[in-house]
Amino acid sequence: MQWLHQCENKINFYVLKEALSLSGMKKIKLLLLVAGLSCTRIFAQPGDGDSYILLKPDRVFDGKEMHKGWWVLVKGKSIRAVDDSTKIFKPQTAKVIVLKGMTLMPGMIEGHSHLFLHPYNETSWDDQVLTESRAERTARAVTHAKATLMAGFTTVRDLGTEGAGYDDVGLKKAIEKGVVPGPRMLCATRAIVATGSYGPKVLVNETDNLKGGEEADGVDGITHAVRSQIGHGADVVKTYVDYRWGLNDEAAPTFTLEELKTAVEVAHSSGRIVAVHSGTAEGMRRAILAGCKHH
């Protein structure tokens, strides 16, 4: 959760419904209105002729404390003031939205999502990747994005489409254009796996089946995969530093330390970070030594 007063970072708001005073449609419209606001200049004085929205909830939670009687002044997609109702600047032309019985809080941030998957007790991971069409998987992702936003998560880091290519970047663009509702997305696109380590796996050797991640090996292969995914719109690089490919299907490291250092170096040169999947001590050790800071 991001604090209201950290102006360098983007800040999101979400309305916690505490009174059934709005119809379902109005609740959705209101939530979409206040979700996804970015902070520029808190407590800045607005200029003449600007258009504003003044939100009047019963309370504002700033991520640390609850404040009764605080209001929020918004201009476009920017939060211009958050303060006590007796102190906040109130433009005469501002549109006033009263949120009776509600609390306004920073939108929650989800750091590890897979919008293109659904619960495995509905359909196994293998069957989702191998038998569900890309159209169906995208349709499900659109539904998941809306449900995620309605639950109060206004930013998500989607760490791999699991066989759906770069469709997360397309979904992100559709959300940004207002085509469908959803949270801000940080996309990892295909994710990177070591050859032979990831699924789906089949016993028919001649079958060239779809994989849940992009296979890459060695310094040259890793370099190409990282750059390619960045070129396709990746905001973050995701690697599986270990997986269930050891003896008896036990989790074991996949990439060498040199390969991981290459991924980090190439990603960092573009200003991006490397997030890793890791469940073993050795995998974590290699990731840390390589400079990975996000697990």
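In this predicted model, Lys173 forms a salt bridge with Glu176, with the closest N and O atoms 4.0 Å apart. Both residues lie in helix α4, and because they are three residues apart, about one helical turn separates them. Lys173 is partly exposed, at 42% relative accessible area.

The salt bridge between Arg190 and Glu214 has an N to O distance of 3.6 Å. This pair links distant parts of the chain, 24 residues apart. Arg190 sits in the loop between β10 (184-187) and β11, whereas Glu214 belongs to strand β12. The two partners also differ in cover. Arg190 is partly exposed, with 29% relative accessibility. Glu214 is buried, with a relative accessible area of 9%.

A further salt bridge joins Arg140 to Glu136, where the closest N and O atoms are 3.1 Å apart. Arg140 is partly exposed at 28% relative accessible area. Glu136 is likewise partly exposed, at 30%. Glu282, Arg285 and Arg286 are linked in a network of salt bridges. Across the whole structure, the search finds seven salt bridges.

Helix packing was examined next. Two packed helices are described by the angle between their axes and the distance between the axes. Helix α3 (residues 134-150) and helix α4 (residues 167-176) have axes that come within 11 Å and cross at roughly 45°. At this angle, α3 and α4 are therefore oblique to each other. Their crossing is right-handed.

Helix α6 (residues 257-269) packs against helix α7 (residues 281-290) with the axes 8 Å apart. The angle between α6 and α7 is about 45°, and the two helices are therefore oblique to each other. α6 passes α7 in a right-handed crossing.

Helix α7 also contains Met284. This residue is partly exposed, with a relative accessible area of 34%. Met284 and Asp242 are 42 residues apart in sequence, yet their C-alpha atoms are 8.6 Å apart in space.

The surface carries a nonpolar patch formed by Leu130, Val202, Val204 and Leu210. Together these residues have about 310 Å² of accessible area. Val202 is placed in the loop between β11 (192-193) and β12 (214-215). Its relative accessibility is 37%, so Val202 counts as partly exposed.

Terms used
Residues numbered from 1 in each chain as written. Predicted model: local features only at pLDDT ≥ 70, side-chain atom pairs only at ≥ 80, totals over all residues. Heavy atoms only, no water. Patch = residues over 30% accessible without salt bridge, like charges linked within 9 Å, V, L, I, M, F, W, Y side chains within 5 Å. Areas by Shrake-Rupley, 256 points an atom, 1.4 Å probe, with all protein chains shown as cover. Salt bridge = Lys/Arg side-chain N within 4 Å of Asp/Glu carboxyl O. Helix = DSSP H or I, 4+ residues; strand = E, 2+ residues; numbered from the N terminus. Buried < 20%, exposed > 50% of the residue type's maximum accessible area, 1.4 Å probe, protein only. Axes fitted to C-alpha atoms, helices over the stretch in contact; angles between N-to-C directions. Parallel < 35°, antiparallel > 145°, perpendicular 65-115°, else oblique. Left-handed = near helix turned anticlockwise from the far one by under 90°.
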